[in-house]
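This briefing is meant for a reader meeting the structure for the first time. It starts with the chain as a whole and then turns to single residues.

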Amino acid sequence: LMNKNRIYSMILLLGFFILFFISPQVSAKTAIHELVPEPGQDLQCVKITRTLERYHYLDKHVDDEMSLKIFRRYIKRLDPGKRLFTLNDIKKFTPYRFRLDDGLKSGDLSIAFKIFNLYLKRSEQRLEYICSLIPSWKKEFDFTKNDSMILDNKLRRRKPTIKALHELWKKELKNHIIMLMLDKQEKKPINDRLARIYSNRLKRLKQTNSNDIFQIFMNSVTS
């Protein structure tokens, strides 16, 4: 019998091989917009799901129990630091917990794309908000204040509102600035370094395409 790792590799390669020949790469200058599945990804999804069900010893039963596991893994992959999705976002996602298995069997990727599109939107909001703070941090940030921030992702709790996320993003930038201040080896001005770092992250985010979403979601399915 083939071992589990080899089967998983074959399943992923099946999807990625087809993807490579279906969709063009997105330009780095493309603005972030709502992404939808590429033609053919629905069929790939069905093929991968059937392959999972065919090899019974993989213990992959595509049912409600598996749907819940996929849902949790997918959310964790997208937002491990709990810095993007609010409690209200997760509440809105809750009805999807037991519907992913049905989508996998029929090739319906709409739920996966809906969640990912919010991830993209919130990631863009975060990076643009941080970039807006960089020019004035010397005046706006008080480094004598006793601030605290939980760094361990496992101990973090999700924020209730966007406003609360803004406070978290601000603290993250402040912590980043402190780390740069302590880096005596780098001589470039902190503003320049911050601007370069976050503008590059925003640029990479804007390169995200439908193939990326499909791969990340299917990794959550097969892992």
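**The chain as a whole**

Of the 223 residues that make up the chain in this predicted model, 41% count as buried. The chain holds 10 helices and zero strands, and read from the N terminus on, its elements run α-α-α-α-α-α-α-α-α-α.

**Contacts and surface**

- When contacts between residues at least 6 apart in sequence are considered, 82% of them join residues that are at least 24 apart.
- The accessible surface of the chain amounts to about 13,400 Å², and carbon and sulfur atoms account for 54% of that surface.

**A patch of positive charge**

- On the surface, a patch of positive charge is formed where K92, R99, K114 and K121 gather.
- One of these residues, K92, has its place in helix α4, the helix that spans residues 87-93.
- K92 counts as exposed because its relative accessibility is 54%, and the cut-off for that word is over 50%.

**A backbone angle in a loop**

- The loop between α3, which covers residues 64-78, and α4, which covers residues 87-93, contains K82.
- Although K82 is not a glycine, it has a positive phi of about 50°.

Key:
Residues numbered from 1 in each chain as written. Predicted model: local features only at pLDDT ≥ 70, side-chain atom pairs only at ≥ 80, totals over all residues. Heavy atoms only, no water. Helix = DSSP H or I, 4+ residues; strand = E, 2+ residues; numbered from the N terminus. Buried < 20%, exposed > 50% of the residue type's maximum accessible area, 1.4 Å probe, protein only. Contact = heavy atoms within 4.5 Å. Areas by Shrake-Rupley, 256 points an atom, 1.4 Å probe, with all protein chains shown as cover. Patch = residues over 30% accessible without salt bridge, like charges linked within 9 Å, V, L, I, M, F, W, Y side chains within 5 Å. Salt bridge = Lys/Arg side-chain N within 4 Å of Asp/Glu carboxyl O. Lys, Arg positive; Asp, Glu negative; His and termini not counted. Charge placed at Lys NZ, Arg CZ, Asp CG, Glu CD.
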